[in-house]
Each structure stands twice: as structure tokens, then as C-alpha cells.
Amino acid sequence: MDTLYIESAIRDHPRVARISSRYPSAEKIECERYGEVFNPSGQNFRIQKQNPALIVAEKHGRAVIPTPLGYTIGADHDFYFSHLLNCLYDCRYCFLQGMFRSANYVHFVNYEHFEQGIDEARRDSPGTTCFFSGYDCDSLALEKLTGFVAHFLPFFRDRPDAWLELRTKSISVRPLLKEEPIPNVIVAYTLSPTPIAEAVENGAPPVAKRLERLAALAEAGWQVGLRLDPLIPWPGFADLYSDFIESLFEIVSPSAIHSVTTGPMRFPKSMHDRIVKLYPRDPLFALAEMTLREGQMSYPADVEETLVSEIVGKLAEYLPAQKIFRQG
């Protein structure tokens with residue numbers, strides 16, 4: 001990391017000091033609010049992605065937000081929170097590149113503010129609550145920098161009615177393997193068949209390595225999840241995914257799986273247009289024509305239905321229906 005932007009109000013925060021010490025040669029620049037650096041128009045996401053800066057900030061206002069309709073893995077109530085904005089990886093289908101103007105990372109260090117929001121959501125939502133931590137980032141990829149998992153595992157251990165989903169492509173799972181498994185924490189891996197992953201999941205660990213870590217976590221007693229989304233109409237889609245799912249369950253026992261999610265690739269039109277403008281010749285957007293439908297850029301309904309039904313049907317050979325969730 002060559003450049004650290006630090007909000008003036010938290011320059012003496014212990015977590016800021018720890019981060020600064022990790023990058024002694026980085027240029028340190030103070031700012032009043034992270035939006036001064038992160039939000040201005042005219043930034044080039046594609047260029048910044050090659051060498052992003054880190055913006056260390058304080059979260060204000062609402063920190064825990066209800067998930068979009070249908071974004072669930074079976075809890076009574078679902079929320080997300082983001083200790084980090086942007087991701088280490090550069091997956092071409094990622095909505096973040098169309099949502100944020102900047103590819104720089106924003107790390108919110110005031111974890112206690114998120115804890116307060118989580119407890120308020122629990123209090124106001126009877127039954128089980130699930131909190132998704134990998135909505136605007138990868139939950140594990142920058143753990144050495146953030147210490148997020150190490151901080152929040154004890155918090156959720158003391159709140160068994162609240163689930164924490166750690167969604168990731170990272171193979172850095174040591175912070176989890178050195179801890180006793182927590183029943184209400186789900187480590188969920190985003191996965192695609194290797195030919196798709198190699199083409200569009202730039203910078204992410206190989207699928208085989210992710211499956212190794214997934215199996216190790218399951219063997220250690222952790223709840224694990226499979227996130228087979230977004231589904232992309234790749235050539236030979238049916239056979240590609242069928243073979244992939246078969247090989248996956250040769251590595252990880254179906255009994256170890258907490259949940260599986262699957263769903264098609266969709267974007268709001270403005271977000272889709274920004275991504276296509278960034279990568280106008282990327283083959284991902286030429287596989288099948290995306291059209292505006294119900295306010296979203298999506299594949300035709302028959303294409304979506306074929307994609308999802310093929311995958312759900314194959315998963316049903318291994319898992320009960322209550323573990324399979326369609327998102328989108």
C-alpha cells in the first residue's frame with residue numbers, strides 16, 4: 001500500500017496506529033471525511049484498481065441495513081454491514097465496479113459502532129437474524145489489515161441467536177482454523193467452475209485452492225456455505241456446472257453444507273452501463289444479450305430460468321430443498 005488517507009478525527013485510534021505501522025513507508029495524508037477522496041466524479045476505477053490506496057475512516061449513521069428482498073439463507077431477518085468498501089479481487093461481474101466511483105479501499109475502524117447496530121437489529125427483530133459481512137467487500141481477503149474476523153468472532157459467539165455470514169474467495173483461513181468453531185458463523189465460498197473463474201475472477205485464488213480451504217473448515221467443524229452466483233450462460237453451461245457440482249461434493253460432504261445460494265447476473269441499468277464502459281470489449285457481456293427488464297439489466301427470462309433450474313436440479317441430488325436458496 002503506497003498511500004494511506006486517514007480521517008483527522010481518528011488519527012490517534014489504536015486500530016489506525018496498528019494499520020499505519022504495517023505500512024511504514026506509505027505516504028500518510030489526512031482528510032476530514034473519507035468521501036473527499038472516495039466520492040469525487042472523474043475517477044478511473046480501472047486505473048485505480050491497479051494500485052488502490054487505503055482510506056481509513058469512521059463509520060457514522062446507520063451501520064446495519066436490511067438486505068434486498070430475497071437475499072437470505074433462511075434466517076427470520078436479514079441484514080448486512082460493511083466494515084470495508086471494495087474488494088481485493090477484480091471479478092468482472094462484480095457490482096462494486098459499477099457502484100463506486102473509486103477503486104480505493106475504505107476501512108471503517110470503529111467496530112463498536114457496528115456492534116451497536118447489530119444489537120439494535122437483534123432487539124427489534126424477533127427470531128433469528130443473519131448479518132452478511134461480505135456484501136461490499138470480501139470478508140476475509142484483507143483480514144491481516146483489518147483484524148475484522150478476529151474481533152467479531154467473540155462478539156457473535158456470545159449472541160447465538162444471530163448468524164454471521166463470512167462470504168469470501170480468500171484462502172487465508174488461519175484465523176478461523178485456530179479458533180473453536182462457532183455454530184452461528186457460516187463461512188461461505190463464492191465458487192464458479194474453473195473455466196469461468198479463470199476467465200472472469202481476476203486475482204482471486206484458484207477454485208481448487210478455495211475448495212481445499214472449504215473442506216478444511218468443514219472438517220474442523222465450521223458451518224460452510226456454497227455461493228454459486230452469479231450464474232453466467234457460459235458455453236456448455238449445463239455440463240460444466242454438473243461436472244463441477246459432482247466434483248465439489250466429492251471434496252466436501254453434503255452433510256457439512258449449511259446453505260447454497262444461486263442466482264442470475266443482474267445489474268441496475270446505470271451500474272451495468274458503467275461496467276460496460278470500463279470494459280467495453282470484455283467477453284462476459286457478449287455471452288448472451290442483457291436487456292432491461294423490471295428495472296434491471298438481465299438475461300431474458302427463459303435464459304435465467306434455464307440457468308437456475310439446471311443448477312437447482314443438480315444440487316437437489318445432494319441437498320434438501322430447504323438448504324437451497326435462489327437469490328434474484
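User: Which residues does S259 touch, not counting those up to four places away in sequence?
Analyst: S259 touches I73, V224, G225, L226, R227, K323 and F325, where contact means heavy atoms within 4.5 Å. Bear in mind that this is a predicted model: local features need pLDDT of at least 70, side-chain atom pairs count only at pLDDT 80 or more, and totals for chains, interfaces and linings use all residues. Residues are numbered from 1 along each chain as its sequence is written, and side-chain values use heavy atoms, with hydrogens and water left out.

User: Thanks! Which side chain does the side chain of S259 make a polar contact with?
Analyst: That of R227, at 3.0 Å. A polar contact here is a pair of N or O atoms within 3.5 Å; within protein, one must be able to donate a hydrogen and the other to accept it, and residues adjacent in sequence count only if both atoms are side-chain atoms.

User: And is S259 buried or exposed?
Analyst: S259 counts as buried because its relative accessibility is 0%. Buried means under 20% relative accessible area, exposed over 50%, and partly exposed in between, using a 1.4 Å probe and protein chains only.

User: Which strand does S259 lie in?
Analyst: S259 lies in β14, residues 257–264. Helices (H or I, at least four residues) and strands (E, at least two) are DSSP runs, numbered from the N terminus. Eight of the eight residues of β14 are buried, so β14 is largely enclosed by the rest of the structure.

User: What order do the strands have in the open sheet of eight?
Analyst: The order is β4-β5-β9-β10-β11-β13-β14-β18, and the pairing is mixed. Two strands pair if DSSP finds at least two bridges between them. The edge strands are β4 (65–66) and β18 (324–326), each pairing on one side only.

User: How many bridges join β13 to β14?
Analyst: Six bridges join them, and the two strands run parallel. As one example, L228 has T262 in β14 as its bridge partner.

User: Which helix packs on the sheet, touching β9, β10 and β11?
Analyst: Helix α7 (residues 148–157) does, touching β9 (129–132), β10 (162–168) and β11 (185–190). The direction of α7 makes about 160° with that of β10. Axes are lines fitted to C-alpha atoms, for helices over the stretch in contact, and angles run from 0 to 180 degrees between N-to-C directions.

User: Now α11. Which of its residues are buried?
Analyst: F237, L240, Y241, F244, I245, L248 and F249 are buried in α11. They cover an arc of only 150° around the axis, which puts them on the same side of α11; the arc is that of the directions from the helix axis to the C-beta atoms. On the other side of α11, D239 and E250 are exposed.

User: What covers the buried residues of α11?
Analyst: The cover includes α9 (194–200), α10 (207–219), β13 (223–231), β14 and α13 (301–315).

User: α10 is in that list. Which of its residues are buried?
Analyst: In α10, the buried ones are V207, R210, L211, L214, A215, L217 and A218. Seen down the axis of α10, its buried residues fall within an arc of 160°, so they line one face of the helix. Their cover includes α8 (174–177), β11, α9, β12 (201–202), β13 and α11. After α10 comes G221, with a positive phi near 105°.

User: Switching topic: where is S102?
Analyst: S102 is in the loop between α4 (96–99) and β8 (105–108). S102 is buried, with a relative accessible area of 0%. The side chain of S102 makes a polar contact with the side chain of Q48 at 3.0 Å, and a polar atom of the S102 side chain lies 3.0 Å from the backbone nitrogen of N104.

User: What else is S102 in contact with?
Analyst: Leaving aside neighbours within four places in sequence, S102 is in contact with F38, Q43, F45, Q48 and N86.
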